[in-house]
Amino acid sequence: MKRALHWTVTLAVITVTSSLLGGPALATPTGIPSKATAQSQLNGLSVATQGSTSGYSRDLFPHWITISGSCNTRETVLKRDGSSVVTDSACAATSGRWYSPYDGATWTAASDVDIDHVVPLAEAWRSGANSWTTSRRQSFANDLTRPQLIAVTDNVNQSKGDQDPSTWQPSISSYRCTYAKMWIAVKAYWALTLQASEKTALQTMLNTCAS
């Protein structure tokens with residue numbers, strides 16, 4: 001009985017301490033596949049020469065849209081990926097903590113955080129989304145079901161721009177496995193094509209995964 005009580009108290013102390021220290025939020029995008037599933041999806045994707053950005057505009061991928069009540073897509077992801085997030089009546093985050101898995105930074109102001117499209121909108125355009133309807137592009141740009149949206153450091157997201165994994169990968173090398181699985185899952189669901197160099201980079205990243 002005393003041993004059980006000891007472990008109960010210890011667990012409570014660890015939980016409180018962790019909360020006070022404000023460790024990284026555990027929330028991650030939904031739909032991240034296993035290594036085996038991602039490998040199967042990667043094998044099934046079509047390799048093609050990358051298209052051009054002719055005609056591309058972010059306005060052709062309407063975002064952010066209302067998700068629930070007064071909360072739009074950005075605000076929904078901020079709440080999902082942050083810890084101790086407080087919002088006002090308009091659903092804007094007024095406080096919280098956000099851990100960016102791309103670079104390992106933690107932020108306490110929502111203004112320091114961007115919502116990254118894992119597969120960038122311009123990259124999607126060059127990979128087949130140029131032939132989609134605006135409605136389909138809107139669904140892609142606000143996809144909360146696949147691992148397409150994640151809260152990260154704003155300037156890291158901006159430096160990534162519209163690059164694919166052959167030219168940009170998270171600086172935290174231990175996260176590259178997860179990043180590859182997310183990228184593959186999104187491209188597989190939305191039936192987007194790959195460049196040969198992109199597929200090679202994804203395979204190299206996937207090979208680092210334990211599962």
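Reply: Start with the buried residues of helix 7: C177, T178, Y179, A180, K181, M182, W183, I184, A185, V186 and K187. Note that this is a predicted model.

Me: What makes helix 7 largely enclosed?
Reply: The count does. Of its 14 residues, 11 are buried, so the rest of the structure largely encloses helix 7. Those buried residues pack against helix 2 (35–44), helix 4, helix 5 (134–141), strand 7, helix 6 (154–160) and helix 8 (196–206).

Me: How do you know that the length of helix 7 agrees with its 14 residues?
Reply: At 1.5 Å a residue, helix 7 should span 20 Å. Its end C-alpha atoms are 20 Å apart, so the two agree. Just after helix 7, A191 has a positive phi of about 55°.

Me: Why is the contact between E123 and K187 called a salt bridge?
Reply: The cut-off is 4 Å between a Lys or Arg side-chain nitrogen and an Asp or Glu carboxyl oxygen. The closest N and O atoms of E123 and K187 are 2.6 Å apart, so the pair qualifies.

Me: What does the pair of E123 and K187 tie together?
Reply: E123 sits in helix 4 (residues 121–126) and K187 in helix 7 (residues 176–189), so the pair links parts 64 residues apart in sequence. Both E123 and K187 are buried.

Me: How many salt bridges does the structure hold?
Reply: There are 7. One of them joins R146 and D143, at 2.9 Å from N to O. Shared partners also join E123, R126, D162, K187 and E198 into one network of salt bridges.

Me: Why are R146 and D143 called buried?
Reply: Buried means under 20% relative accessible area. R146 has 18%, so R146 counts as buried. D143 has 3%, so D143 does too.

Me: And D81, buried or exposed?
Reply: D81 is at 5% relative accessibility, so D81 counts as buried. Its salt-bridge partner is R80, with the closest N and O atoms 2.6 Å apart.

Me: What makes strand 6 largely enclosed?
Reply: 5 of the 5 residues of strand 6 (residues 113–117) are buried, so the rest of the structure largely encloses the strand. Both faces are covered: V113, I115 and H117 on one side, D114 and D116 on the other.

Me: How do you know that strand 6 pairs with strand 7?
Reply: Pairing needs at least two bridges. Strand 6 and strand 7 (residues 149–153) have 5, so they pair, and they run antiparallel. Among the bridge partners are D114 and V152.

Terms used
Residues numbered from 1 in each chain as written. Predicted model: local features only at pLDDT ≥ 70, side-chain atom pairs only at ≥ 80, totals over all residues. Heavy atoms only, no water. Buried < 20%, exposed > 50% of the residue type's maximum accessible area, 1.4 Å probe, protein only. Helix = DSSP H or I, 4+ residues; strand = E, 2+ residues; numbered from the N terminus. Expected span 1.5 Å × (residues − 1). Contact = heavy atoms within 4.5 Å.
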